[in-house]
Amino acid sequence: MLLKSGKVITKLLIQTRKMHLLHDKTYINGQWISAASNKIFEVLNPADGSIISTVPDMDIEDTQKAIESAANAFETWKNTTPKERSYFLRNWYNLLIKNRDNLAKIITLESGKPLPEALGEVNYGNSFVEWFSEQARNVRGEIIQSSTTTKKILVEHYPIGVAALITPWNFPHAMITRKVSPALAVGCTCVIKPAEDTPLTALALLELAEEAGIPKGVLNIVTSGRKNAPKIGKLLCESSLVAGISFTGSTQVGKILYKQCSAGVKRLGLELGGNAPFIVYNTADVDKAVEGAVTAKFRNCGQACVAANRFLVQEGVYDSFVGKLVDRVKDLKIGCGFDSGVRIGPLINRAQFEKISNLVGDAVAKGAKVVIGGIPAPKIGELFYEPTVVVDVNKNTMLFSEEIFGPVIGIVKFKTEEESLDIANGTDRGLAAYFYSEDIKQIFRVNRNLEAGMIGVNEGLISTVEAPFGGIKESGIGREGSHRGVEEYTYIKYTCIGNLE
Ligand code: NAP
C-alpha cells in the first residue's frame, strides 16, 4: 500500500510540477514575485511528508505592497459596471471548470484529502464564482417613500474598498472563492492570505484569475509561513487602506482579529470553529442516521468546521445505532488520497495528529471505551489515524468539549429530548447542528430550540452555495454564500434629495 501510494505521488508530483498551475512565486499587482527577503518555505504532502514545492515566505513589507496594489486597483475596479464584473467572474469560472482535475490534484497533494473529495471541493468552490457572477447584476438599491412630497430617499450599495481575506487549510479552494467572488462582484479588491499548509491551491486559483483577464492589482496574495501570520494579520487589521477583513479559521485567532479591528472599527466577517451536536432520537430512521453520521463526520478526515463533533444518541436506539455505525466505519478505507476507494486521508500536520491522539487518550483515561480504531496507522504514514468510534464518553473530557477536527466519533447516551437540548446547547459555539427524527412535531420543536446558525434535519451534508453559511455565539459573525454573501463587502449609502417642490 505504502509503495503503491508513494509511486503514485511521485508520478503525480512530476506531472504537477509541469503544470502551469503550480507556482513557486506569489502574485501581487499582476506580477509573479518572490518575497522582498527572498525567503521561502516548503509545502509538504501530509500523506508522506515529501516536499511538493516551495513558495515565498512573505512578511509585512510584502503585505504592505499587496495592500497598496489592491488600494490602487480599487480606484478603477469600483467604477466597472456590474455587467463587466460579472463577465470577469464568468470567465474565471469557465477556466476553473476547464482545470477542475488539476485543481483537485493540487488540493489532494497539499491537504491530503481523497481525490473524489477534492473534486467535490472544486465543484463547491467553483459554484461560488458562478453564483456571484450572477449576483453581481442583482445587487439592488431602493427608493423609499418619504413622509413629505419634497424629499426622495435613495438607498444604494457601495463596495467597502480593499477586503483582506484570511483562509484556513481545510478547504483551500472553497474558502477563497466563497470570499473573493462576492468581493469582486460588488467592486472590492482583495489581499488574500492563505494558510501555510495549503498555499498552492490559492496560487493556482490566482493563475486562472489572471488568465480570465481580471485586471492587475484586483487580486493579490501574500503567502507566508506560520511564524509571520500574526504580524501580517495585524497589519491587515490595522492598515487604514484595508476596509474590511473576512476570516475563516479558529475561534482563538478570530478573537485576536476582532480585537485588532476595533481600533479602526473595521468591518469584520468571522467564520470560526464549531462544535456540532449530532442527535439521534428514538424516532429516527437509524440507517439514515448512520449514513448521515459518516458523511457529517468523516469528510476531510473530520477536519471540517461543520463536522459533527458530539454524538448524542437516545437510549431506545443506542445499541442499534452504535452497532450499525461500527459496521459502516469498518468499511472506510484509509490511505493516500490518490488511491482508489480511500475515504480517510492523513491529518494535515503533526500538531493536528498529536491533538487527536491526546483527545482520545484523555477520553479513555476518563472511562470511555474504544469500539473501533483509537490508534494511529503508522504503516500507512506518520499523520494517519484510524477512523474511530468511542462510547461512554464522559462529558468532562476534551473529546466532548473541544472541536475535534479528526476522524473520531465520541458517543454519549441520553434519556429525554430536554436532556439532549441541554447538552447540545451547552457550548459557546453555534455553527452547525444535526438531528435525526421522523416525528414532524419533534422536528419543528427541536429545530426551534437548537442554538446554531445551520441545522441539518435528517441530513448530514448542508453546505451549498444557495444557503447562508455562518454561525452564532463564538462561531462567528456574518454569513457567506447565498444572496446575502455580498453584504459583507458593501456598505449602504442613503441619499436624501430635498427641496423637490
Ligand atoms: P487558524 O490557525 O485560525 O488559521 C486560519 C488562518 O489564519 C491561516 O491562514 C493562518 O495562517 C492564519 N492565522 C493564524 N494566526 C493568525 C493571526 N494571529 N493573525 C492572522 N492570521 C492568522 O485555523 P486553522 O487551524 O488553520 O483552521 C481550523 C479552524 O478553522 C477550525 O477551528 C475550523 O472550525 C475553522 N474553520 C471554520 C470554518 C467556517 O466557515 N466557520 C471553515 C473552515 C474552518 P497560518 O496557516 O500561516 O498559521
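Trainee: With which residue does D59 form a salt bridge, and how far apart are the closest N and O atoms?

Mentor: The model is predicted, so local features need pLDDT of at least 70 and side-chain atom pairs count only at pLDDT 80 or more, whereas totals for chains, interfaces and linings use all residues. Residues are numbered from 1 along each chain as its sequence is written, and side-chain values use heavy atoms, with hydrogens and water left out. The partner of D59 is K231, and the closest N and O atoms are 3.2 Å apart. D59 lies in the loop between β4 (51-56) and α2 (60-77) and K231 in helix α8 (residues 229-238), so this pair ties together parts that are 172 residues apart in sequence. Helices (H or I, at least four residues) and strands (E, at least two) are DSSP runs numbered from the N terminus.

Trainee: Why is the contact of D59 and K231 called a salt bridge?

Mentor: The term requires a side-chain nitrogen of Lys or Arg within 4 Å of a carboxyl oxygen of Asp or Glu. The whole structure holds 23 salt bridges.

Trainee: Are D59 and K231 buried or exposed, or in between?

Mentor: Buried means under 20% relative accessible area, exposed over 50%, and partly exposed in between (1.4 Å probe, protein chains only). D59 has 24% and K231 has 39%, so each counts as partly exposed.

Trainee: What makes the contact of E480 and R178 a salt bridge, and which parts of the chain does the pair link?

Mentor: Their side chains meet at 2.6 Å, N to O. This pair spans 302 residues, from R178 in helix α6 (residues 174-186) to E480 in the loop between β23 (476-477) and β24 (490-497). E480, at 3% relative accessible area, is buried, and R178 is buried at 2%.

Trainee: What partner does R226 have, and where do the two residues lie?

Mentor: R226 forms a salt bridge with D197, with the closest N and O atoms 2.6 Å apart. R226 is in the loop between β9 (219-221) and α8, and D197 in the loop between β8 (189-193) and α7 (199-211), which places them 29 residues apart. R226 is partly exposed at 44%, whereas D197 is buried at 14%.

Trainee: What makes K413 a charge over the ring of Y318?

Mentor: The rule asks for NZ of Lys or CZ of Arg within 6 Å of the ring centre and within 35 degrees of the ring normal. K413 lies over the face of Y318 at 4.7 Å from the ring centre. The charged end of R310 likewise sits over the ring of F400, 6.0 Å from its centre.

Trainee: How do you know that β20 is largely enclosed?

Mentor: Five of the five residues of β20 are buried, so the strand is largely enclosed by the rest of the structure. A432, Y434 and Y436 on one side and A433 and F435 on the other are all buried, which leaves both faces covered.

Trainee: What shows that β20 pairs with β12 and with β21?

Mentor: Two strands pair if DSSP finds at least two bridges between them. Three bridges join β12 to β20, and these strands run parallel; I279 stands opposite F435 in β20. Four bridges join β20 to strand β21 (residues 454-457), also parallel, and A433 stands opposite I455 in β21.

Trainee: In what order do the strands of the open sheet lie, and which are the edge strands?

Mentor: The seven strands follow the order β16-β17-β18-β13-β12-β20-β21, with mixed pairing. The edges are β16 (369-372) and β21, each of which pairs on one side only.
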